[in-house]
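Colleague: Hi! Could you walk me through this one while I have it open?
Modeller: Happy to, here it is.

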Amino acid sequence: MQLVKTIAVSAALAATAGLANAGETLDAVNGKGFVQCGVSQGLPGFSNPDDQGNWTGLDVDFCRAVAAAVFNDADAVKFTPLSAKVRFTALTSGEIDVLSRNTTWTMSRDSDFGEFVGVNYYDGQGFMVPKSLGVSSAMELDGAAVCTNTGTTTELNVADFFRANNLDYTVVAFEKADEVVSAYDAGRCDVYTTDRSGLAAQRTKLSEPDDHVVLPEIISKEPLGPLVRHGDNQWGDIARWTLNCMINAEEMGVTSANVVEMASSDNPGIKRLLGTEGDLGGKIGLDNEFCANVVASVGNYGESYDRNVGPETPLKLDRGVNALWSQGGILYAAPQR
Amino acid sequence: MAMDNTTSYSGLVNQGNLPDKPAPINTEGLGPWVRDNLFNGAFNSVLTISSFLLVLYTLPSALNWLIFNAVWSGGSDACRVNPDGACWTFVGSRWEQFLYGFYEKSERWRINILLAILAVGIIWLAWEKAPAKKLMAFFMLVIFPVFSFFMMYGSETLGLPIVETPQWGGFTLTLVIALSGIVASLPLGIVLALGRRSNMRVISLLSTIFIEFWRGIPLVAVLFMATIMFPLFLPAGVTFDQLLRAVIGVALFASAYMAEVVRGGLQAIPKGQYEGAMALGLPFWKMMRLIILPQALKIVIPGIVNTFIGLFKDTTLVLIIALFDLLGIVQASIADPNWSIKSVPYTGYAFVAIVFWICCYSMARYSRYIEDKLHTGHKR
């Protein structure tokens, strides 16, 4: 297995080395007329098909934003659903242009597979318990039976957490999320652990969702972000500044509803953002108004968040750390100037 | 000498009525049927009672969940209120996706036409008295696949907009993979089986290597190789259609199994049949076509259909390489947060199970029918 992995990685690197030339991806994308974007096979709120068969979600919105930045048309994007195993191969082999698939930014992935362009959701592993257990902190979970998925980092994180805090525990692991939920719902374990966005999504599947609480502890860092192939810095910049544009637009109060009026604003920061002043878009091979186009068709980060995972959606995720830095969160995009 | 008839024959001649015997055991009616079939002996009685209890234990709650307590109308809210029954409105609101996948909405009539032709073709071929069956078989096996490809993929010259394969999905994709696997694997399997039994060393060796190679690796590994490793061996920028890779993998895999099934049939034909055919002066292919294969294939119909059914179900494995067959599209739909309800995943999987069961059982029934029709005394 190790050998296969080594071969796969070195072949992937060889493929990357062959592909990477600045500007090549943008030329190819312009040539075919759409952005090919890798998404998940179905993760609630991040990428999933809706009743009409359209892909929706936070990750999907980023893909649409890149399309809007390049073509001024958020629909000029095609989605490739990818399993966790094939996602990086699809990127390195050139099958997709952007991978926006709830991928945790880690050092090894950044060096092996591609270039992360930022974080579009700060996730972290959490715990959910029934209210009847009377527990208010994960520190009180001594002796608990913990439901989780097999073979993921969640299992390792739980082991680390309980060992570091000298707590006893038993793992009850299942292959699929649906199995974990039904086991937890049937009372086969006291605690359900996975990423907090996942907890929110699965909670709605419990018989009595209101009888369960998510504990305050977050035991791992899972910064989820989109990535592009190594080597093509211009394409990396396009993806990075598309994401920054959405966050900066929220910070400056530019929304899809008011973007047209805002373009005539006197605020120099907004002028630069929307391309009525300066030539920031031109520097990365796009229109100067690329950010205005993104916000007009996809919305700013806050709009995308509220639409897909926010308190008004079934997921009911508060902004939490994903709020802007100016509002108590850690979302902090570099300025566009 | 006086003949004393009465005394000497008195032992043989009946003097009165025989005593009544008990009535013979009744073999007609429900009671005797139950006795003969369900309670003939202690062991079978125990089996009957325990099976009956098992059914009694599971069936009412299953029917309750599937039918009586299920949600048949309304939206997702109706299912959220009633978590203890199947949520058929979920299937109802998504059946188009389950059938067509992400296929362009305005182009779905193309799939409808193909499905209609397919249905007519299958009924035509299955119906005993239908005319021009050979012509129809040729059409369905040779012309229809090519026609289907152009209909589904599109063609500029025909004026049909291109619909790329990543947009294919749902039950249509399941059919595409399964039918191309079935249509390709039977002839390929026959050729491989003949090759393996060939007297020509090289051909026999190559066939054996091919069969043992494909039989020796799991289908999941074949699909992974086709998806992950294969693109890395190609020059950068060259992509090879993902669906085509999967279909070829599935077809080669199935043909190896088919080859061994057919070889089993060939082994069962007595040597005299070969010798008789050769004595008539028939060349190899004629001997095979007229004498050997009709007999051999008839023997292995159950095995062939078994392989077909296995292949049909194996198509769900393309899920792991992110092709959305019926199971894949149902799983993706379950992830919709608006349908994030307890009963939805169970309903989705139950729906997939029902669809697959109907398809596989139809194949099984048809194979039984063919067996009955072709039986020439080998049948017990």
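Modeller: One term before we start: two residues are in contact if their C-beta atoms, placed from the backbone, lie within 7 Å. Also, this is a predicted model.
Colleague: Good. With that in mind, what does Ala246(B) touch?
Modeller: Leaving out residues up to four places away in sequence, Ala246(B) touches Ile177(B), Leu223(B), Ala226(B), Val318(B), Ile321(B) and Leu323(B).
Colleague: And which residues have the most contacts inside the largest nonpolar core?
Modeller: Those are Cys63(A), Val66(A), Val294(A) and Ala246(B), in a core of 158 residues. Helix H11 of chain B, residues 242–268, gives the largest share of this core, with 13 residues. From chain A, domain 1 (2–122 + 223–327) and domain 2 (125–220) each supply at least three residues.
Colleague: Switching to strands: which sense do E1(A) and E4(A) pair in, parallel or antiparallel?
Modeller: Parallel, over five bridges, with E1(A) covering residues 35–39. Within that pairing, Gly38(A) stands opposite Thr80(A) of E4(A).
Colleague: Why is E4(A) largely enclosed by the rest of the structure?
Modeller: Because four of its five residues, in the run 77–81, are buried.
Colleague: Now chain A overall. How many helices and strands are there?
Modeller: Chain A has 14 helices and 13 strands. Of its 337 residues, 49% are buried.

Terms used. Residues numbered from 1 in each chain as written. Chains lettered and ligands numbered in written order. Predicted model: local features only at pLDDT ≥ 70, side-chain atom pairs only at ≥ 80, totals over all residues. Core = buried A, V, L, I, M, F, W, Y, C linked by C-beta atoms within 7 Å. Buried ≥ 20, exposed ≤ 12 C-beta atoms within 10 Å, placed from the backbone. Helix = DSSP H or I, 4+ residues; strand = E, 2+ residues; numbered from the N terminus. Domains from an automatic or database assignment. Pairing = 2+ DSSP bridges.
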